[in-house]
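Try each task before you read its solution.

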Amino acid sequence: MKKVVRTLGSILMLSVLMLQMCFAANVSDTYNDINLQSLATIDAKTLPDSQLKSMEEQIQNLSNEEYDALLAYLVNTTSDSNRLRESLRLVGVDLSEIHRAYYTPTSEESPAIMPMTEAYQSFISVYDSSRTGHTNKRISVSYKLNTKESHPGSYDAIVLYYDSTKATYKSYSTEKNYTSLKNGTKAAKGTLVFNFYDKIAGNNLSHATVEVARTSKSPLHYSAVWNHSYTKTNVNVTLNPSVSFSGTGGVSGSIGATIAFGSKENVWQLSDVGYYS
């Protein structure tokens, strides 16, 4: 009888150990299933050090284009930018404050016009970031129309400015489907212009980034301007309007950019300014 009791006791203890192992495995699997995009919604302080290290390694292995896409997603998905910044810090990313501007139609835009602009609450986000071990800063702008427009005009123009007296231009990158470089001839002077193909983008997020190397300890200012065109009727437009440069741009140390939209196009602008110290 004693032998039977010992056997039953051993079986019970083994069962408990197996349950504990299964529970631990499930917890581990849960953390392993957490992808980088989840940083937009979770508090990274709740994750074990092993998971944080794994995520940092994943981020370090991303290409610049992949990294920029991840940051654009996180910045524009999170509901708590301070928590996001802290979470990213724990996985080796230094993210600045996020500057965001929304477009709100003016009182002159009547209800009859509003359905054709369809731009209410469209936004841009401007920020800078860097990964552990990367000395250069990546200045980014991301943008999104609220809904797909019925009467889009020419390609939109995104102008990214930085103070070229405080930093040296290194490179640029863009989201590939809806944005491309329009004019980079003044990149070393603090100004880059990008095409945003709003007609095909619909309400999809897009982004552009300039990489710079800081040459001064003074705060580096940067800004972005979204030039959006639309029409009130079906008219022919110049899809890729020209750009000219003169004067000072959005910040000191940059050159102003003017987009030559057609006379029958309506245009609004969204702009915001940031800086890192």
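Predicted model: local features only at pLDDT ≥ 70, side-chain atom pairs only at ≥ 80, totals over all residues.

**Exercise 1.** Find which residues I255 touches, not counting residues up to four places away in sequence.

*Solution.* Contact means heavy atoms within 4.5 Å. By that test, I255 touches Y161, K186, K189, T191, F245, S246, G247, T248 and G249. Strands (E, at least two residues) and helices (H or I, at least four) are DSSP runs, numbered from the N terminus.

Residues are numbered from 1 along each chain as its sequence is written, and side-chain values use heavy atoms, with hydrogens and water left out.

**Exercise 2.** Sort residues of helix α2 into buried and exposed.

*Solution.* Buried means under 20% relative accessible area, exposed over 50%, partly exposed in between (1.4 Å probe, protein chains only). The buried ones are Q51, L52, M55 and I59. Down the axis of α2 they fall within an arc of 100°, so they line one face of the helix. The arc is that of the directions from the helix axis to the C-beta atoms. On the other side, D49, S50 and K53 are exposed.

**Exercise 3.** List the residues that V141 contacts, leaving aside neighbours within four places in sequence.

*Solution.* V141 is in contact with I124, S125, V126, I158, L160, S206, H207, A208 and A224.
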